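Subject: Structure handover

Hello,

Here is the structure you are taking over. My notes on it follow below.

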Amino acid sequence: QKSRYGAIFVDNVCKITPNGTSDNLTIYGHNMIDRSMFTELLEYKKLNYYKNHPLINFDTIYAKGVYKVFAVIVTNANKSEDDGFVFNYRQNSFSSEMGFLTFIENLKVRSVINTNVDVEYGDKLITLSTCSYEFKDARTVVFARRIRSGEAGFIDTSKAKVNKTPLYPQAYYDKHGGKKPKVKINVQTKEQQEEKVPSIEGGEV
């Protein structure tokens, strides 16, 4: 059935099969004036809204799933809005634990909410993306990870708080003022944590 709103759809590089899904499923939807489609995602930038909606249900034709929201970012779609850089939040697979953890840390430094939700290598992710208007081609993106087998479907949101210095694209600061924070990415694999190996610095972002 045709609709002027378009459709909510999964990125074409993602896979949904009887045997499982991509590591990270990116799902897009318009931000409509009548608050249909994915407009509600914008509310996740508010701490109280996150605390009242920390879980997302996402079912495929093959399996049902409940996901814990762990990050909410504002990012750019065009290189011109961040000094020639676009953060690849749509990465659908990860070839190593280090690559996955680096991706997660990049989300956390950008997240407007510090949710205190843990994310481990092997977790299945969903990424919900919609347009927003902090600057010309801004995107608000919500990230959640699937509840693990045997894990309680409950989140203690009492420790969640606003991130006072999230990393935004340069276009955000150009329009709203302020200055980019200097951020370093430090990651450790589970093996390194057990062996008490110093964390690996991924450099400034």
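Rings of Phe, Tyr and Trp (its six-membered ring) are taken as a pair if their centres lie within 6.5 Å. By that rule, ring pairs join Phe87, Phe94, Phe100, Phe103 and Tyr121 into a cluster. Please keep in mind that this is a predicted model.

Aromatic rings

Eleven aromatic pairs turn up in a search of the whole structure. One of them is Tyr44 with Tyr49, an edge-to-face pair with 5.0 Å from centre to centre and 85° between the planes. Tyr44 and Tyr49 are both buried. Phe70 and Phe143 make a tilted pair, because their planes stand at 45°, with the ring centres 6.3 Å apart.

Two arginines sit over rings. The charged end of Arg110 is over the ring of Phe87, 4.2 Å from its centre. Arg90 lies over the face of Tyr89, at 5.9 Å from the ring centre.

The core

Which residues touch the most other members of the largest nonpolar core? They are Tyr44, Phe70 and Phe143, out of 50 residues in that core. Strand S4 (24-28), H1, S6, helix H2 (97-110), strand S8 (125-132), S9, H3 and strand S11 (184-187) each contribute at least two residues to it. S6 gives the largest share, seven residues. In soluble globular proteins, nonpolar side chains tend to be buried together.

Phe70 counts as buried because its relative accessibility is 2%, and Phe143 is likewise buried, with a relative accessible area of 1%. Setting aside residues up to four places away in sequence, Phe143 touches a list of residues that includes Lys68, Val69, Phe70, Ala71 and Ile73, as well as Tyr89, Phe103 and Leu107.

The sheet

Six strands form an open sheet in the order S1-S4-S8-S9-S6-S5, with mixed pairing. Strand S1 (9-10) and S5 are at the edges; each has a single partner strand, so one side of each is without a neighbour in the sheet. S5 and S6 run antiparallel and are joined by three bridges. Asn57 has Val66 in S6 as its bridge partner.

Two loop residues

Pro54 is in the loop between helix H1 (47-52) and strand S5 (55-57). Is Pro54 buried or exposed? With a relative accessible area of 13%, Pro54 is buried, the cut-off being under 20%. Pro54 and Ile155 are 101 residues apart in sequence, while their C-alpha atoms are 6.9 Å apart in space. Beyond its neighbours within four places in sequence, Pro54 is in contact with Tyr67, Lys68, Val69, Ile155 and Thr157.

Asn163 is in the loop between strand S10 (161-162) and helix H3 (170-176). Asn163 has 12% relative accessibility and therefore counts as buried.

Regards

Notes:
Residues are numbered from 1 along each chain as its sequence is written. This is a predicted model: local features need pLDDT of at least 70, side-chain atom pairs count only at pLDDT 80 or more; totals for chains, interfaces and linings use all residues. Side-chain values use heavy atoms; hydrogens and water are left out. Helices (H or I, at least four residues) and strands (E, at least two) are DSSP runs, numbered from the N terminus. Buried means under 20% relative accessible area, exposed over 50%, partly exposed in between (1.4 Å probe, protein chains only). Rings of Phe, Tyr and Trp (its six-membered ring) pair if their centres lie within 6.5 Å; planes under 30 degrees apart count as stacked, over 60 as edge-to-face and the rest as tilted. A charge sits over a ring if NZ of Lys or CZ of Arg is within 6 Å of the ring centre and within 35 degrees of the ring normal. Contact means heavy atoms within 4.5 Å. A nonpolar core is a set of buried Ala, Val, Leu, Ile, Met, Phe, Trp, Tyr and Cys residues joined through side-chain atoms within 4.5 Å. Two strands pair if DSSP finds at least two bridges between them.
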